[in-house]
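My entries follow the model.

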Amino acid sequence: MTVTDETIVLRTFADAKDAYRAKDLRQSLYDEGEVVMDGVLVNLHGDEHRNRRRVENRMFRRDVFDQYERELFPAVTERTVAPHLAAGKVDLVHLGHELMLNLAALTAGIDRPKGTVEETARLGEYNAKFIQGATLAHSTGDKDAQRVAIARALEDWDAEFLAPSVERRRELLDREAAGEDVEVPRDVLATLLRHHDELDLDDGVVRREVAFFLLAGAHTSATAFVRAIDHILGWLERHPEDAAAVREDALFMQRCVHETVRLNPSSPTGRRRALAPVTLRSGVHIPQGATVVIDLQVLNRDPELFGPDAAEFNPNRTPPPGVAPFGLSFGAGMHVCIGQDLAAGVVARPGTDPDTHLYGLVTGAVQHMFGVGVRRDPDDPPQRDAATARPYWGTYPVLLGE
Amino acid sequence: MAYRISVDHEACMSSGKCVADAPELFRFDEDEIAEPVPGAPAPSDDRIVDLARNCPSGALVVTDAESGDEVDVG
């Protein structure tokens, strides 16, 4: 059998979907980010992945999301935005990370007992290191030096934030097991601790797993938050008739978020490595050992699926059956993003009840911003981030209030 | 053509999407793996395809009721 190190790039929707579902194609997007990604859910394969996912999926279900979206997130969003609204301006990039860190800390299970600005700032600094770790493949800096700093940050974060969060949940779980009526948080850390014996995870894996959920929840949602507001501001310049919709129509706003995510997947590519030869239904053959690169930027803009204006932002677009409005930005198959419904909500269908529908935390946060009058600062234009090859905004100053 | 839908117990990773989308058709067993609700009404072919496409683990298997052949839902 031939083993190769060649790279095969997939640029069609059908091939990508097929590849995401192929059991012999293993996740390899984070091969360079092992310092924070080793043993983490998205890096597992086969039975090990399925068993971890079965446990963690118990926390990533719609009844849990419903509680987050309706009870927990709105208050956190309002509290986070309030001081910036009072100041009348904010950098959206900073606000996006601050807000989504606050929301991700809830879902990951990281407590901040002091509740001070300094405490949250320190958690943000740790999280920035973890984000560097997960996206190390795209870093333009010294990767070895970054690995050392990230490993140190993980240890310090564990001592300062994770260990006390573990202790509190263990105590609650013990009391629950003893028959006491206590409320154990519905978060990733509590879920891992509750199923500790079943999963048999060492402390290092638990540390990286919770760090991963913190960084993934905060970072991907923060970038989507800024990009969505940017796209919508541009849309409103051309379509002022939709000004009321962005404040009042959550289904329209959700379509804006889905369209943003289609055009700007968190990672511009998916990567897989062939553990065995694979032939896709189209006939594309992938030899054992080959790396498969899934070009999400291209296939999410396929005019045959998304129309002649596929490269443009258009929240009124209707994709064909079997194609999600956000394309394949959340992946597909067994590794589909576990937080997809939490971040982007459930895709609306004809007859969706707006009162019970799940819109996703990004939709809620973006709609809140339009409710407080977000608009570009004419004296301070947004700038791209030069520290990464990924298309991130570095700064995005906006004005708030009427 | 009439389709049938079943759950591949080994493949299911408990995402709960089928249970949330169609609680009249699917529920969790004691291990929180999806299973069909006994005696549930037969859904339309379109609904079956929709549910199967939405299952991230590919654990919802669609078959042609007449031939018993597995149907590729794309």
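**Entry 1: the interface**

I began with polar contacts and found 12 residue pairs across the interface of chain A and chain B, both residues at pLDDT 80 or more. A polar contact here is a pair of N or O atoms within 3.5 Å; within protein, one must be able to donate a hydrogen and the other to accept it, and residues adjacent in sequence count only if both atoms are side-chain atoms. On the side of chain A that touches chain B, the elements giving two or more residues are helix H1 (13-21) and helix H3 (46-56) of chain A. H3(A) gives the most, with four residues. Helices (H or I, at least four residues) and strands (E, at least two) are DSSP runs, numbered from the N terminus.

I sorted that side of chain A by class: four nonpolar, four polar and 11 charged residues. Ala, Val, Leu, Ile, Met, Phe, Trp, Tyr, Cys and Pro count as nonpolar, Asp, Glu, Lys and Arg as charged, and the others, Gly among them, as polar.

This is a predicted model: local features need pLDDT of at least 70, side-chain atom pairs count only at pLDDT 80 or more, and totals for chains, interfaces and linings use all residues. Residues are numbered from 1 along each chain as its sequence is written, chains are lettered from A and ligands numbered from 1 in the order in which they are written, and side-chain values use heavy atoms, with hydrogens and water left out.

**Entry 2: extent**

I noted 19 residues from chain A and 22 residues from chain B in the contact (heavy atoms within 4.5 Å). The buried area is about 1,600 Å², with 37% of it from carbon and sulfur atoms. That is the accessible area (1.4 Å probe) that two parts lose on being put together, summed over both. A:Arg54, A:Arg61 and A:Arg62 supply 34% of the area that chain A buries against chain B, more than any other three residues.

**Entry 3: salt bridges**

How many salt bridges run between chain A and chain B? I read seven. The rule asks for a side-chain nitrogen of Lys or Arg within 4 Å of a carboxyl oxygen of Asp or Glu. I looked up B:Asp50 with A:Arg349, at 2.4 Å, N to O.

Over all chains the structure holds 34 salt bridges. I also checked A:Arg52 with A:Glu209, whose closest N and O atoms are 3.2 Å apart. A:Arg52 lies in helix H3 of chain A and A:Glu209 in helix H10 (residues 203-238) of chain A, so the pair ties together parts 157 residues apart in sequence.

**Entry 4: sheets**

I traced an open sheet of four strands in chain A, order E1-E7-E4-E2, with mixed pairing. Two strands pair if DSSP finds at least two bridges between them. Strand E1 (7-10) and strand E2 (25-27) of chain A stand at the edges with a single partner strand each, so one side of each has no neighbour in the sheet. E1(A) pairs with strand E7 (residues 291-295) of chain A in the parallel sense, over four bridges. In E7(A), A:Ile294 is the bridge partner of A:Leu10.
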